[in-house]
Amino acid sequence: MRTPSLSHLSAAAGDYDRVYEPSDDSFLLLDALENDASLIASVAPSVALEVGSGSGVVSAFLSFLWPHVHIMATDINPFAAAATKKTGHQNSVHIDAILTQFATGLLPRLHKKIDILIFNPPYVVTPSSEIGGNGIEASWAGGIDGREVLDKFIPAVDELLSPNGIFYLVTVNENKPTEIMDMMETHYGIHSKMVLRRRAGIEGLGILRMSRNASVAHWDPSSGQVVAASQ
C-alpha cells in the first residue's frame, strides 16, 4: 500500500515547525495497520478515530485501506487539524478533522462505537511543565515517563472502543508498555499485545494492539485465521 502524499506540506514553508513531521514512529504505525489488514477487515469497521493526527498521514493511510470507513481525526493543535484536512484533500479521501483535545465533544455520541482507535501520543520523557500546550510541543512532550498525556486519555479508550474494536498505541520503552498492558486489562478488561518493535536511534519504539475481545488483541497474522466477533 502506498504512503499518502504530503507534497502540500514542506519544511521550507515552515509547516514542520508547527506540525509533527512523520517519522519512524509514524511509519511503524502504518506497518502495523497494513500487517493487520485482514484482522481489521474481520471486525467489519465502520467508524475510526485517530487522536493526535498531526499531518494526517495515518488517517489518510487508513482511508486507503478501508475507504468505506468514516474516519475522524482530532488534534489540539489548530495547524495540525488544518494539515490533516488538507492531507485528506491531497489524497482524495475524506477525513473528518476536528480541533479538540482527545475526544472532547465526541462523547457520549460515540460511546463504545469506535471500531479502530489510534493514538501516537506525545511519549518523550520531559518535565511536567512542558505538557499542556497546543503547539508542536504537544506532539512530543509526554511528562513523567512520557506517560502523563497518555494516562489522561486512557479512561476515554474504555468509553470509545466498540466491543470488537481495536486500539493501536505507539509507545517507547520509557513509557513502560508492560505496565500499560497490565493496567488496561486489570482496570478495563482490555487485552493487549505488542505487535511490532523497532529501534530508531535511541528510541525503542513499539506498537500495542488492544481490544476487549482477547482473540482480536492476541491475533497472529501468520495464523491466517479469521477472528470470530464476540457478541
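**Ground rules.** I number residues from 1 along each chain as its sequence is written, and side-chain values use heavy atoms, with hydrogens and water left out. Because the model is predicted, I take local features at pLDDT of at least 70 and side-chain atom pairs at pLDDT 80 or more, while totals for chains, interfaces and linings use all residues. Helices (H or I, at least four residues) and strands (E, at least two) are DSSP runs, numbered from the N terminus.

**H1 against H3.** I looked up helix H1 (residues 24–35) and helix H3 (residues 57–65): their axes come within 10 Å and cross at roughly 20°. Axes here are lines fitted to C-alpha atoms, for helices over the stretch in contact, with angles from 0 to 180 degrees between N-to-C directions. H1 and H3 are therefore roughly parallel (angles under 35 degrees). The crossing is right-handed, meaning the near helix is turned clockwise from the far one by less than a right angle. For contact (heavy atoms within 4.5 Å), I find Ser26, Leu29, Leu30, Leu33 and Glu34 of H1 meeting Val57, Val58, Phe61, Leu62 and Leu65 of H3. I sort these residues into eight nonpolar, one polar and one charged; Ala, Val, Leu, Ile, Met, Phe, Trp, Tyr, Cys and Pro count as nonpolar, Asp, Glu, Lys and Arg as charged, and the others, Gly among them, as polar.

**H3 burial.** What do they pack against? I get H1, strand E1 (47–51), strand E2 (70–75), helix H4 (78–90) and E4.

**Rings.** I count four aromatic pairs, with ring centres of Phe, Tyr or Trp (its six-membered ring) within 6.5 Å. Phe119 and Phe153 sit 4.9 Å centre to centre with 65° between the planes, an edge-to-face pair (planes over 60 degrees apart). The pair links distant parts of the chain, 34 residues apart: Phe119 is in strand E4 (residues 114–119) and Phe153 in helix H5 (residues 148–160). Both Phe119 and Phe153 are buried. Ring pairs also join Phe102, Phe119, Phe153 and Phe167 into a cluster.

**H5 against H6.** The axes of H5 and helix H6 (residues 177–188) come within 11 Å and cross at roughly 40°. H5 passes H6 in a right-handed crossing. On the H6 side I list Ile180, Met183, Met184 and Tyr188.

Methods:
Angles under 35 degrees count as roughly parallel, over 145 as roughly antiparallel, 65 to 115 as roughly perpendicular and the rest as oblique. Rings of Phe, Tyr and Trp (its six-membered ring) pair if their centres lie within 6.5 Å; planes under 30 degrees apart count as stacked, over 60 as edge-to-face and the rest as tilted. Buried means under 20% relative accessible area, exposed over 50%, partly exposed in between (1.4 Å probe, protein chains only).
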